[in-house]
Amino acid sequence: RINQTSDYASAFHIYRLVWLSSGMQFFVDDQLIGQVNPPSGGFWQKGGFQGTNIWASGSTMAPFDKRVYIQLAHQ
């Protein structure tokens with residue numbers, strides 16, 4: 001989705017990523033702006049990769065099916 005009414009640098013905003021077992025949802029100021037729900041072949045299929053699926057031993061959310069830590073910094 002493209003926001004054509006304002007830029008995100010003009011005011012304070014709250015960004016949120018909801019990480020579900022079936023996909024991910026992206027919010028700005030509590031408004032859903034996008035989501036990703038991988039098909040049965042997971043992100044390997046969604047990415048259109050060729051060859052052997054290196055994430056085949058994981059769930060359809062692989063490689064995003066393990067805990068990760070994300071740090072955001074503002075400069």
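This report describes the strand pairing and the salt bridge of a predicted model.

**Sheet**

The strands β1, β2 and β3 form an open sheet, arranged in that order with antiparallel pairing. β1 (15–19) and β3 (31–36) each have a single partner strand and stand at the edges, so one side of each is left without a neighbour in the sheet. From one strand to the next, the twist averages 20°.

Strand β2 covers residues 24–28 and pairs with β1 in the antiparallel sense over five bridges. The pairing of β2 with β3 is likewise antiparallel, over five bridges.

**Salt bridge**

The model contains one salt bridge by the criterion of a Lys or Arg side-chain nitrogen within 4 Å of an Asp or Glu carboxyl oxygen. The side chains of Arg16 and Asp30 form this contact, at 3.4 Å from N to O. Arg16 belongs to strand β1 and Asp30 to the loop between β2 and β3, so the pair ties together parts that are 14 residues apart in sequence.

The accessibility of the two partners is as follows.

| Residue | Relative accessible area | Class |
|---|---|---|
| Arg16 | 37% | partly exposed |
| Asp30 | 61% | exposed |

Asp30 is classed as exposed because 61% lies over the 50% cut-off, whereas Arg16, at 37%, falls between the 20% and 50% limits and therefore counts as partly exposed.

Terms used: Residues are numbered from 1 along each chain as its sequence is written. This is a predicted model: local features need pLDDT of at least 70, side-chain atom pairs count only at pLDDT 80 or more; totals for chains, interfaces and linings use all residues. Side-chain values use heavy atoms; hydrogens and water are left out. Two strands pair if DSSP finds at least two bridges between them. Helices (H or I, at least four residues) and strands (E, at least two) are DSSP runs, numbered from the N terminus. Axes are lines fitted to C-alpha atoms, for helices over the stretch in contact, and angles run from 0 to 180 degrees between N-to-C directions. Buried means under 20% relative accessible area, exposed over 50%, partly exposed in between (1.4 Å probe, protein chains only).
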